[in-house]
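Work through the exercises below with the sequence and the model at hand. Try each task before reading its solution.

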Amino acid sequence: MLPATGKWFPILTERLTLREFRSDDEADIHEYGGDPEVSIYADWGPNTRAQTHDFLALRLRHQFDWPRSDVSLAVELLGESKVIGSASLWITDLSNRTAFFGYAFDRRYWNKGYATEASLALLRVAFEVLDWHRVCATCDTRNLASQRVMEKLGMRREAEFREDAFQKGEWRDTYLYAILENEWRNS
């Protein structure tokens, strides 16, 4: 479980609100969750409408738990009530204060800095609010856009895992990126 702090969201950035999901987000979620291009490097998708409905129902049920070991948030364009993606932060090793984050965005909003902006907000919470020591993220080695996001955040590539996941009928290679609290504070 996350430390017994109060809820640290919603998070406002320059252009985004990271907030809990709402039942009326389903159509927006399906726009990106049902898109094969969005999930090409992911272990999920493209989602059917039923899968999107189940994803949202699970997120809505999970929101009643606090504290919890993972937080998934809708990413909404500030002032527009349009969900353009999701971002998550979850604990992988409580005793060593290590967490992971991930994201998915509607491809109509790619290459506009939204993934970097949302991820930066999660890193700020991880280090400045939750006092984590290390935050990591992974991506398929073919996902150049996610590699660029992590590098912009000041993360370093620490490992390449060869054929570590079998998804969508083929073996995938994965990069692991990480940043330490002292690196965050000194950047």
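## Exercise 1: Aromatic rings

Solution. The classes are buried under 20% relative accessible area, exposed over 50% and partly exposed in between, with a 1.4 Å probe and protein chains only. This is a predicted model, in which local features need pLDDT of at least 70 and side-chain atom pairs count only at pLDDT 80 or more, while totals for chains, interfaces and linings use all residues. Residues are numbered from 1 along each chain as its sequence is written, and side-chain values use heavy atoms, with hydrogens and water left out.

Step 1: Rings of Phe, Tyr and Trp (its six-membered ring) pair if their centres lie within 6.5 Å; planes under 30 degrees apart count as stacked, over 60 as edge-to-face and the rest as tilted. The count by this rule is 10 aromatic pairs. For W90 and F100 the ring centres are 6.2 Å apart and the planes meet at 25°, so this pair is stacked.

Step 2: W90 belongs to strand β4 (residues 82-93) and F100 to strand β5 (residues 98-105), 10 residues apart. Strands (E, at least two residues) and helices (H or I, at least four) are DSSP runs numbered from the N terminus. W90 is partly exposed, at 31% relative accessibility.

Step 3: Y103 and F105 have ring centres 6.2 Å apart and planes at 50°, so they form a tilted pair. Y103 is partly exposed at 23%, whereas F105 is buried at 5%.

## Exercise 2: Cysteines

Task: How many disulfides does the rule give?

Solution. Step 1: A disulfide is a pair of cysteine sulfur atoms within 2.5 Å. The count is zero.

Step 1: C136 is in no disulfide, and the nearest cysteine sulfur, in C139, is 13 Å away. That distance is too far for a bond.

Step 2: Both residues are buried, C136 at 2% relative accessibility and C139 at 5%.

## Exercise 3: Helix α3

Task: Compare the span of α3 with the expected span, and state how many of its residues are buried.

Solution. Step 1: The expected span is 1.5 Å times one less than the number of residues. Helix α3 (residues 114-129) has 16 residues and reaches 22 Å from first to last C-alpha, close to the expected 22 Å.

Step 1: In α3, 12 of the 16 residues are buried, among them Y114, L122 and F127.

Step 2: After α3 comes D131, with a positive phi near 60°.
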